[in-house]
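Work through the two exercises below with the sequence and the model at hand. Each task is followed by a solution in steps.

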Amino acid sequence: MMLDSPMAIMLRGLPYFARAADAQIEAMAERAIRREFTAGEMIYVEGEPSAGLWMVERGRVKVFKVSPDGGEYVLRIFGPGDTFNDLAALDGAPNAASAAAITAVVAGVIPTTAFVDALTADHELALSVVRSLVARQRQLVAQVEDLALRPVTARLARFLLEQVANPALAHPSVTRALIANHLATTSESISRSLRVLESAGAIRFDRHTIVITDLPALRELAQ
(Lines give C-alpha, C1' and ligand atoms only; values in the text may rest on other atoms or scores of the structure.)
Protein backbone atom coordinates (compact mmCIF):
# COMPACT_ATOMS: atom_id res chain seq x y z
CA MET A 1 0.00 0.00 0.00
CA MET A 2 1.29 3.42 -0.93
CA LEU A 3 1.35 6.32 1.51
CA ASP A 4 -1.01 8.28 -0.72
CA SER A 5 -3.87 5.80 -0.12
CA PRO A 6 -7.00 7.38 1.48
CA MET A 7 -6.46 5.56 4.79
CA ALA A 8 -2.77 6.49 4.96
CA ILE A 9 -3.60 10.13 4.20
CA MET A 10 -6.21 10.13 6.98
CA LEU A 11 -3.75 8.61 9.46
CA ARG A 12 -1.04 11.11 8.58
CA GLY A 13 -3.49 13.97 9.20
CA LEU A 14 -4.26 12.86 12.76
CA PRO A 15 -2.32 14.52 15.62
CA TYR A 16 -1.61 11.05 17.04
CA PHE A 17 0.37 10.03 13.98
CA ALA A 18 1.90 13.33 12.87
CA ARG A 19 5.42 12.11 13.81
CA ALA A 20 4.96 8.44 13.04
CA ALA A 21 7.42 6.82 10.66
CA ASP A 22 6.14 6.15 7.15
CA ALA A 23 6.59 2.42 7.68
CA GLN A 24 4.21 2.47 10.66
CA ILE A 25 1.64 4.60 8.83
CA GLU A 26 1.73 2.11 5.97
CA ALA A 27 1.43 -0.90 8.29
CA MET A 28 -1.55 0.55 10.17
CA ALA A 29 -3.26 1.73 6.97
CA GLU A 30 -3.05 -1.79 5.52
CA ARG A 31 -4.84 -3.25 8.54
CA ALA A 32 -7.33 -0.44 9.21
CA ILE A 33 -11.00 -0.76 8.28
CA ARG A 34 -13.09 2.13 6.98
CA ARG A 35 -16.71 2.22 8.19
CA GLU A 36 -19.77 4.40 7.56
CA PHE A 37 -22.60 5.04 10.04
CA THR A 38 -25.94 6.80 9.75
CA ALA A 39 -27.02 9.46 12.26
CA GLY A 40 -28.06 7.79 15.51
CA GLU A 41 -26.39 4.47 14.70
CA MET A 42 -24.34 2.75 17.40
CA ILE A 43 -20.63 2.41 16.68
CA TYR A 44 -19.86 0.21 19.66
CA VAL A 45 -21.42 -0.72 23.01
CA GLU A 46 -19.95 -0.53 26.51
CA GLY A 47 -18.71 -3.87 27.78
CA GLU A 48 -18.29 -5.47 24.36
CA PRO A 49 -14.83 -6.43 23.03
CA SER A 50 -12.95 -3.47 21.59
CA ALA A 51 -12.42 -3.35 17.83
CA GLY A 52 -9.39 -1.07 18.30
CA LEU A 53 -8.56 2.61 17.91
CA TRP A 54 -11.27 4.64 16.14
CA MET A 55 -10.62 7.75 14.02
CA VAL A 56 -13.21 10.23 12.73
CA GLU A 57 -12.82 11.12 9.07
CA ARG A 58 -16.16 12.90 8.69
CA GLY A 59 -19.11 13.67 10.96
CA ARG A 60 -19.65 13.87 14.73
CA VAL A 61 -19.52 11.10 17.35
CA LYS A 62 -20.63 11.04 20.99
CA VAL A 63 -19.07 8.74 23.57
CA PHE A 64 -21.44 8.17 26.48
CA LYS A 65 -22.46 6.07 29.46
CA VAL A 66 -25.97 5.08 30.49
CA SER A 67 -27.06 5.18 34.15
CA PRO A 68 -29.06 2.35 35.76
CA ASP A 69 -32.24 4.41 35.36
CA GLY A 70 -31.59 4.87 31.63
CA GLY A 71 -30.18 8.39 31.74
CA GLU A 72 -27.45 9.25 29.25
CA TYR A 73 -24.28 11.11 30.17
CA VAL A 74 -22.15 12.29 27.25
CA LEU A 75 -18.46 12.04 28.12
CA ARG A 76 -17.03 13.56 24.96
CA ILE A 77 -18.00 14.73 21.48
CA PHE A 78 -15.56 14.00 18.66
CA GLY A 79 -15.23 15.41 15.14
CA PRO A 80 -12.97 15.06 12.10
CA GLY A 81 -9.34 14.37 13.03
CA ASP A 82 -10.18 13.03 16.50
CA THR A 83 -9.40 9.56 17.82
CA PHE A 84 -11.46 7.72 20.43
CA ASN A 85 -11.61 4.47 22.41
CA ASP A 86 -7.90 4.92 23.02
CA LEU A 87 -7.64 3.03 26.32
CA ALA A 88 -9.38 -0.11 25.12
CA ALA A 89 -7.23 -0.02 22.00
CA LEU A 90 -4.11 -0.06 24.18
CA ASP A 91 -4.98 -2.68 26.78
CA GLY A 92 -7.39 -4.87 24.84
CA ALA A 93 -10.04 -4.56 27.56
CA PRO A 94 -13.77 -4.25 26.72
CA ASN A 95 -15.15 -0.88 25.65
CA ALA A 96 -15.33 1.41 28.71
CA ALA A 97 -18.28 3.38 27.27
CA SER A 98 -20.60 3.37 24.27
CA ALA A 99 -20.25 5.41 21.08
CA ALA A 100 -22.86 6.53 18.56
CA ALA A 101 -22.96 8.68 15.45
CA ILE A 102 -24.55 12.10 15.99
CA THR A 103 -24.51 12.83 12.25
CA ALA A 104 -23.63 10.62 9.30
CA VAL A 105 -20.10 9.43 10.11
CA VAL A 106 -17.17 8.05 8.18
CA ALA A 107 -14.59 6.53 10.51
CA GLY A 108 -11.67 4.16 10.49
CA VAL A 109 -10.65 1.60 13.08
CA ILE A 110 -7.15 0.23 13.63
CA PRO A 111 -7.19 -3.20 15.32
CA THR A 112 -5.54 -3.26 18.74
CA THR A 113 -2.78 -5.60 17.59
CA ALA A 114 -1.86 -3.29 14.70
CA PHE A 115 -1.87 -0.23 16.97
CA VAL A 116 0.27 -1.88 19.66
CA ASP A 117 2.69 -3.21 17.04
CA ALA A 118 3.16 0.32 15.68
CA LEU A 119 3.76 1.74 19.16
CA THR A 120 6.32 -0.97 19.92
CA ALA A 121 8.21 -0.26 16.72
CA ASP A 122 8.13 3.55 16.87
CA HIS A 123 9.09 5.23 20.15
CA GLU A 124 8.28 8.71 18.83
CA LEU A 125 4.75 7.52 18.08
CA ALA A 126 4.48 5.98 21.56
CA LEU A 127 5.50 9.28 23.18
CA SER A 128 2.97 11.18 21.07
CA VAL A 129 0.20 8.84 22.21
CA VAL A 130 1.25 9.20 25.85
CA ARG A 131 1.09 13.00 25.54
CA SER A 132 -2.37 12.82 24.00
CA LEU A 133 -3.62 10.52 26.76
CA VAL A 134 -2.23 12.86 29.43
CA ALA A 135 -4.06 15.80 27.83
CA ARG A 136 -7.32 13.84 27.84
CA GLN A 137 -6.80 12.85 31.47
CA ARG A 138 -6.43 16.52 32.37
CA GLN A 139 -9.67 17.26 30.50
CA LEU A 140 -11.50 14.56 32.44
CA VAL A 141 -10.21 15.93 35.76
CA ALA A 142 -11.43 19.41 34.78
CA GLN A 143 -14.78 17.92 33.73
CA VAL A 144 -15.25 16.23 37.12
CA GLU A 145 -14.29 19.48 38.85
CA ASP A 146 -16.89 21.37 36.82
CA LEU A 147 -19.66 18.93 37.72
CA ALA A 148 -18.78 18.98 41.40
CA LEU A 149 -18.02 22.65 41.97
CA ARG A 150 -19.62 24.88 39.34
CA PRO A 151 -23.26 25.86 38.73
CA VAL A 152 -24.88 25.13 35.36
CA THR A 153 -24.32 28.63 33.95
CA ALA A 154 -20.58 28.46 34.66
CA ARG A 155 -20.38 24.93 33.20
CA LEU A 156 -22.19 26.10 30.08
CA ALA A 157 -19.89 29.11 29.72
CA ARG A 158 -16.88 26.82 29.93
CA PHE A 159 -18.40 24.51 27.32
CA LEU A 160 -18.91 27.44 24.95
CA LEU A 161 -15.29 28.44 25.47
CA GLU A 162 -14.29 24.90 24.52
CA GLN A 163 -16.14 25.39 21.23
CA VAL A 164 -13.69 28.14 20.33
CA ALA A 165 -10.82 25.64 20.50
CA ASN A 166 -12.70 22.57 19.26
CA PRO A 167 -14.96 23.14 16.22
CA ALA A 168 -16.49 19.67 16.72
CA LEU A 169 -18.37 21.08 19.71
CA ALA A 170 -19.77 24.00 17.71
CA HIS A 171 -21.44 21.88 15.02
CA PRO A 172 -25.23 22.43 14.59
CA SER A 173 -25.77 18.76 15.46
CA VAL A 174 -24.66 19.54 19.04
CA THR A 175 -28.14 20.37 20.32
CA ARG A 176 -29.21 21.75 23.68
CA ALA A 177 -30.32 18.26 24.70
CA LEU A 178 -26.88 16.90 23.86
CA ILE A 179 -25.17 19.71 25.77
CA ALA A 180 -27.47 18.99 28.73
CA ASN A 181 -26.45 15.32 28.69
CA HIS A 182 -22.80 16.35 28.59
CA LEU A 183 -23.14 18.83 31.48
CA ALA A 184 -25.31 16.49 33.60
CA THR A 185 -28.33 18.78 33.65
CA THR A 186 -31.61 19.32 31.77
CA SER A 187 -32.47 21.08 28.52
CA GLU A 188 -34.58 23.54 30.55
CA SER A 189 -31.58 24.45 32.71
CA ILE A 190 -29.46 24.95 29.60
CA SER A 191 -32.10 27.28 28.14
CA ARG A 192 -32.22 29.31 31.37
CA SER A 193 -28.44 29.56 31.50
CA LEU A 194 -28.29 30.65 27.86
CA ARG A 195 -30.66 33.50 28.70
CA VAL A 196 -28.39 34.50 31.60
CA LEU A 197 -25.38 34.57 29.29
CA GLU A 198 -27.34 36.56 26.71
CA SER A 199 -28.48 39.09 29.33
CA ALA A 200 -24.84 39.52 30.40
CA GLY A 201 -23.91 40.36 26.80
CA ALA A 202 -21.59 37.37 26.48
CA ILE A 203 -23.55 35.72 23.68
CA ARG A 204 -26.33 36.38 21.18
CA PHE A 205 -28.52 34.14 19.05
CA ASP A 206 -28.40 34.07 15.25
CA ARG A 207 -31.46 31.91 14.59
CA HIS A 208 -30.42 28.58 16.15
CA THR A 209 -26.74 29.44 16.37
CA ILE A 210 -25.05 30.73 19.53
CA VAL A 211 -22.61 33.54 18.76
CA ILE A 212 -20.02 34.61 21.33
CA THR A 213 -20.03 38.41 21.43
CA ASP A 214 -17.89 39.16 24.49
CA LEU A 215 -15.14 36.62 25.13
CA PRO A 216 -13.78 38.26 28.34
CA ALA A 217 -17.30 38.36 29.80
CA LEU A 218 -17.83 34.70 28.95
CA ARG A 219 -14.52 33.80 30.58
CA GLU A 220 -15.55 35.68 33.72
CA LEU A 221 -18.88 33.87 33.86
CA ALA A 222 -17.07 30.55 33.46
CA GLN A 223 -15.13 31.01 36.70
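The exercises cover a pocket and a sheet.

This is a predicted model, in which local features need pLDDT of at least 70 and side-chain atom pairs count only at pLDDT 80 or more, while totals for chains, interfaces and linings use all residues. Residues are numbered from 1 along each chain as its sequence is written, and side-chain values use heavy atoms, with hydrogens and water left out.

**Exercise 1.** State the volume of the largest pocket and describe its lining.

Solution.
- Step 1: The volume is about 520 Å³. A pocket is an open set of points on a 1 Å grid over the protein atoms alone where a 1.4 Å probe fits, with protein on both sides within 12 Å along at least five of seven lines; lining residues have an atom within 4 Å of a point.
- Step 2: Of the 18 lining residues, Leu75, Asp86, Leu87, Arg136 and Leu140 are the closest to the centre.
- Step 3: At least two lining residues come from each of β4 (61-66), β5 (72-78), α3 (86-91) and α5 (123-149); α5 gives the most, five. Helices (H or I, at least four residues) and strands (E, at least two) are DSSP runs.
- Step 4: By class, the lining holds eleven nonpolar, three polar (Gly counts here) and four charged residues.

**Exercise 2.** Give the strand order of the open sheet and examine where β4 joins β7.

Solution.
- Step 1: The order is β2-β7-β4-β5, with antiparallel pairing; strands pair if DSSP finds at least two bridges between them.
- Step 2: β2 (42-44) and β5 are the edge strands, each pairing on one side only.
- Step 3: Four bridges join β4 to β7 (residues 98-101), and Val63 stands opposite Ala99 in β7.

Definitions and conventions: Points joined across faces, edges and corners; volume = space filled by probe spheres on them.
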